[in-house]
Amino acid sequence: QVQLVESGGGLVQPGGSLRLSCAASGSIFSINTMRWYRQAPGKQRELVAAITSGGSTNYADSVKGRFTISRDNAKNTVYLQMSSLKYEDTAVYYCNADRVSVAAGLYFGVWGQGTLVTVSS
């Protein structure tokens, strides 16, 4: 079984920074694209950033230049460094693994439980 566990959320003032982590557990051979999504109260879940296994990245326009996604394939972990945070970044942040290869086969569309980021003064 594969699990994704996010951490690093919390309360931060506008203009501040936070670093989110998402660690995959299980007997994992490889993970292809990993993504961070967020869902603000009353809004639909939206894609924030994505990173392929080779390190190619893309970002939502709303976070370009402020957020950086990275990953450590040896640790099966993806990170989201968030800087210059704004009130509108307040949301539950979820990580997602597109395809996870394990000894028993493949898992598709694996989600973490989410971590809350609150930007407030």
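Strand E2, residues 10-12, pairs with strand E12 in the parallel sense, over three bridges. In that pairing, Gly10 has Val117 of E12 as its bridge partner. Please keep in mind that what we are looking at is a predicted model.

E12 also pairs with E10, and here the sense is antiparallel, again over three bridges.

Let me step back to the whole chain. How many helices and how many strands does it have? The protein chain has zero helices and 12 strands. Read from the N terminus on, the order of elements is β-β-β-β-β-β-β-β-β-β-β-β. The radius of gyration is 14 Å, close to the 14 Å that the globule rule gives for 121 residues, so the chain is as compact as a globular protein of that length. Along the principal axes, the C-alpha atoms fill a box of roughly 45 × 25 × 20 Å.

A few totals for the chain. Of its 121 residues, 44% count as buried. Its accessible surface comes to about 6200 Å², and carbon and sulfur atoms account for 47% of that. Among contacts with a separation of 6 or more, 55% are between residues 24 or more positions apart.

Now the inside. In soluble globular proteins, nonpolar side chains tend to be buried together. In this model the largest nonpolar core has 32 residues, and the members that touch the most others are Trp36, Leu80, Met82 and Tyr93. Which elements give two or more residues to this core? They are E3 (18-25), E4 (28-31), E5 (34-39), E6 (46-51), E8 (67-72), E9 (77-82), E10 (91-102) and E12 (115-119). E10 gives the largest share, six residues.

Take Met82 from that core as an example. Leaving aside its neighbours within four places in sequence, Met82 is in contact with Gly16, Ser17, Leu18, Leu20, Arg66, Phe67, Tyr93 and Val117. Tyr93 is another of the core members that touch the most others.

Next, the aromatic rings. The count comes to one aromatic pair. Tyr37 and Trp111 form it, and the pair is tilted, at 4.9 Å centre to centre with 50° between the planes. Tyr37 lies in E5 and Trp111 in strand E11, residues 105-111, so the pair ties together parts that are 74 residues apart in sequence. Are the two residues buried or exposed? Tyr37 counts as buried, at 18% relative accessibility. Trp111 is partly exposed, with a relative accessible area of 37%.

Last, a residue in a loop. Gln44 sits between E5 and E6. Gln44 is exposed, and its relative accessible area is 71%. Beyond its neighbours within four places in sequence, Gln44 is in contact with Arg38 and Gln39. How far apart are Gln44 and Ala24, in sequence and in space? They are 20 residues apart in sequence, and 25 Å apart in space from C-alpha to C-alpha.

Technical notes
Residues numbered from 1 in each chain as written. Predicted model: local features only at pLDDT ≥ 70, side-chain atom pairs only at ≥ 80, totals over all residues. Heavy atoms only, no water. Core = buried A, V, L, I, M, F, W, Y, C linked by side-chain atoms within 4.5 Å. Buried < 20%, exposed > 50% of the residue type's maximum accessible area, 1.4 Å probe, protein only. Helix = DSSP H or I, 4+ residues; strand = E, 2+ residues; numbered from the N terminus. Contact = heavy atoms within 4.5 Å. Pairing = 2+ DSSP bridges. Rg over C-alpha atoms; globule rule 2.2 N^0.38 Å. Areas by Shrake-Rupley, 256 points an atom, 1.4 Å probe, with all protein chains shown as cover. Phe/Tyr/Trp six-rings, centres within 6.5 Å; stacked < 30°, edge-to-face > 60°.
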